[in-house]
Amino acid sequence: MIRNPNFIQIDRDGKELQEQNTRLFNLTANHGDIHQYVADCIPAHWHRELEIFLLLEGSAKLQIDGQVCSADAGDGYFINTGVLHSFTGTAASPCIFRSFVFDSSIVGGASGSVFDVSYVRPVLETGPSFLKFSGLPEDAPYFHQFGRAFAACKDEKPGYEFKVRNALSEILLFIKDRSLLLPPRDMAAIPELRVKQMLAYIDGNLGGPMTVKDIADAASVCPRECQRIFHRYLHYRPMEFVQRRRIFTAAGLLTSTASPITEIALSCGFQSPSYFSKQFKLLTGRTPGEYRAAAQTNLPET
């Protein structure tokens, strides 16, 4: 089944929460518009699963592993396990994307198998944090296999999982060969571990008061180092990020619950409902009530 999401659920560590029904065949296929998300942004998150991404229309800015990258229509990205990343639409026109988020065992099979040891682990353990693919002839295999996998997921005919697994295997093999030309990935990047610790603290304390020192203490760093890490990985000052995270969380509650707006505002750390409404509109262009009404009337595309 192809999902058409407009909100991303993450846990206290900033890790994306996958839907329960994906566990038997741990793959999520997405087709959507980045503009459907709050503030035209799929916020910073990470997951243990691999991700392959294709932008069909528009243009976008990607923040991946502390780097700022661009994507135009026709560009694709591979994002490795555990890598912090976000997407922001930069074109006024629709920013239509497709993506797969999948467990590496779909390709690698049982732990210790030849597929796992010889092909999957090298990508997970020493492969690049991400790779970009464009319209160059040498990138054609990525796009061809991406199309095969997406067509199989769309049809969902009996046995479609085999077709998807085959296409993903070809993509991962292609990525492994490309990775041989790149320096190995540093899996133990201390700043990245610290930013995840700070994200965990933020999401666990959105409802209460918070300072830069509180956030820094969660990762055992000084406030200045906290600000440096946020600038590198998230490109926001810590308290700016907290404000955005509160609004993103509130937006999710507005669309997924019937809780009163005042209750949502307080639970997300806004002491004044009027201030919450003002800040929410500054970021989204709508008041909380308008945003909830629009979400209830927008039906997913098929």
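**Exercise 1.** In this predicted model, are Phe100 and Phe150 buried or exposed? Then classify their ring pair from the distance of the centres and the angle of the planes.

*Solution.* 
- Step 1. Phe100 and Phe150 are both buried.
- Step 2. Take the distance. The ring centres of Phe100 and Phe150 lie 6.0 Å apart. Centres within 6.5 Å make a pair.
- Step 3. Take the angle. The planes of Phe100 and Phe150 stand at 70 degrees. Over 60 counts as edge-to-face, so that is the class of this pair.

**Exercise 2.** Which parts does the pair of Phe100 and Phe150 tie together?

*Solution.* 
- Step 1. Locate each residue. Phe100 belongs to strand S9 (residues 96-102), and Phe150 belongs to helix H3 (residues 140-155).
- Step 2. Link them. The pair therefore ties together parts that are 50 residues apart in sequence.

**Exercise 3.** Classify the pair of Tyr142 and Phe146. Are Tyr142 and Phe146 buried or exposed?

*Solution.* 
- Step 1. Tyr142 and Phe146 are 6.1 Å apart, centre to centre, with 45 degrees between the planes. The pair is tilted.
- Step 2. Both residues sit in helix H3, 4 residues apart, so about one helical turn separates Tyr142 from Phe146.
- Step 3. Buried means under 20% relative accessible area. Tyr142 has 0%, so Tyr142 is buried. Phe146 has 2% and is buried too.

Notes:
Residues numbered from 1 in each chain as written. Predicted model: local features only at pLDDT ≥ 70, side-chain atom pairs only at ≥ 80, totals over all residues. Heavy atoms only, no water. Phe/Tyr/Trp six-rings, centres within 6.5 Å; stacked < 30°, edge-to-face > 60°. Helix = DSSP H or I, 4+ residues; strand = E, 2+ residues; numbered from the N terminus. Buried < 20%, exposed > 50% of the residue type's maximum accessible area, 1.4 Å probe, protein only.
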